[in-house]
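Hi everyone, thanks for making time today. I'd like to walk you through some aromatic rings, so let's bring the structure up.

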Amino acid sequence: MRLLEALLRSQGAPSDLAALPWVESSYYVGDYSRVGAAGPWQFMSGTARHFQMNMTDEIDERYSWTASTRTASDYLLYLNRLFDDWHLAIAAYNCGEGVVQRALSNAQTQRKEYGMIELPGETDVFVPRYSAALQAVRQLEREEPELSVILVPPGLDLRLLAAESGIDPEVLAEHNRGFLKEITPAGQRNWEVVVPSRRASLAFQTAWSIQRDRYVVKSGDSWTSVGLATGVSVNSLREANNSSMPHPGGYLFLPESGRVPVNSNAAASAGFFQYTVRSGDTLGGIGALVGVSSREVALWNDMSTAATIHPGQKLLLRGSPAEDSGAVTIVRATHELTHIVQAGDSMWALSQEYGVSVEQIMELNSKDSAALSIGENLVIKPE
């Protein structure tokens, strides 16, 4: 929260806007909605591309606390300049500036302000929810960890940074979900990484001094100690290095990370399925079956990451079950809600009818304009 407030202030935006991701994503950086919005600020891919956010197979800045917050603040500042009203700006953030502009144009009242115009039902509750979240945030006794932003070089494996600076690798990965392979993209550009403040100075120095793509073996290292420090399983480490532990000063290579933002599997998955816990399972290991962290598994099952699990227990996972994952029962499958365009239909009318935004319909159907053709089959909701 403090990090968001600092980033917003640095952009010239009100720090109170830091309450908005609570409404959008519950401050969950790996959030991915059923309509394709991603990250703490819930950017659709089309909007993200419009603002030139990086989205490649190496990075998705919608999941970056720093990049997404700066982009959101720029967008909200633009909307506030456009409407000269923060309530309308926040409404437009939810449903799109075009929807708000049309509502203002169609208003049957002289008072062209929020609460006096007709907006989609989703947006009507969005602004009050933000106001309630803001009041709650102001009353919170904050105990969140202090976070800082450091600049690191390209091609840096964040698991190595974690190991060499004494940061829990899962914590570092959780705060930097935008790096899809836990490696900063190669090239000329340096990258921002979020780290615990108490380790920020050491992490910065370490990032610019260590081997960026391999682990340097130290005296006393073992497969277990290196695995714990980097967050890589011992079996994966052994396999990547032909089961040969080098002498101190030698190198160990890390396998490709399997810990990725939830959308990488969930977007095109069959939905949620039921997994039966086996002897020796951990939340982290179960999450790895669908490429997510223990936190996602805990969130999906309304439990703490420290909760004890036992053989035979049923857990919900989101993704596609592995063939060898044991007794798995699909409990919910993806289904689409579609609409065949008829005479008189418009994007605006459909958005009101189905309770979604115009932008969401356009994004789901890869449309560059709101124009419709009679007989056209539109995807309204992906599930």
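Let's begin with tyrosine 93, which is buried, because its relative accessible area is 9%, under the 20% cut-off. Please keep in mind that this is a predicted model.

So which partner does tyrosine 93 have? A search of the whole structure gives seven aromatic pairs. In one of them, the ring of tyrosine 93 meets the ring of phenylalanine 43, with 6.3 Å between the centres. Their planes are at 70°, so we call this pair edge-to-face, the cut-off for that being over 60 degrees. And where do the two sit along the chain? Tyrosine 93 belongs to helix H5, residues 86–95, while phenylalanine 43 lies in the loop between helix H2 (20–25) and helix H3 (45–50).

Now have a look at tyrosine 75 and tyrosine 78. Their rings form a stacked pair, 6.5 Å centre to centre and with 15° between the planes. Both are in helix H4, residues 65–83, and because they are three residues apart, about one helical turn separates them. Is each one buried or partly exposed? Tyrosine 75 is buried at 10% relative accessibility, whereas tyrosine 78, at 32%, is partly exposed.

Putting this together, ring pairs join Trp41, Phe43, Phe51, Tyr75, Tyr78 and Tyr93 into a cluster.

Lastly, two arginines. The charged end of arginine 189 sits over the ring of tryptophan 191, 4.0 Å from the ring centre. Arginine 214 has its charged end over the ring of tyrosine 251, 4.8 Å from the centre.

How values were computed. Residues numbered from 1 in each chain as written. Predicted model: local features only at pLDDT ≥ 70, side-chain atom pairs only at ≥ 80, totals over all residues. Heavy atoms only, no water. Phe/Tyr/Trp six-rings, centres within 6.5 Å; stacked < 30°, edge-to-face > 60°. Helix = DSSP H or I, 4+ residues; strand = E, 2+ residues; numbered from the N terminus. Buried < 20%, exposed > 50% of the residue type's maximum accessible area, 1.4 Å probe, protein only. Lys NZ or Arg CZ within 6 Å of the ring centre and 35° of its normal.
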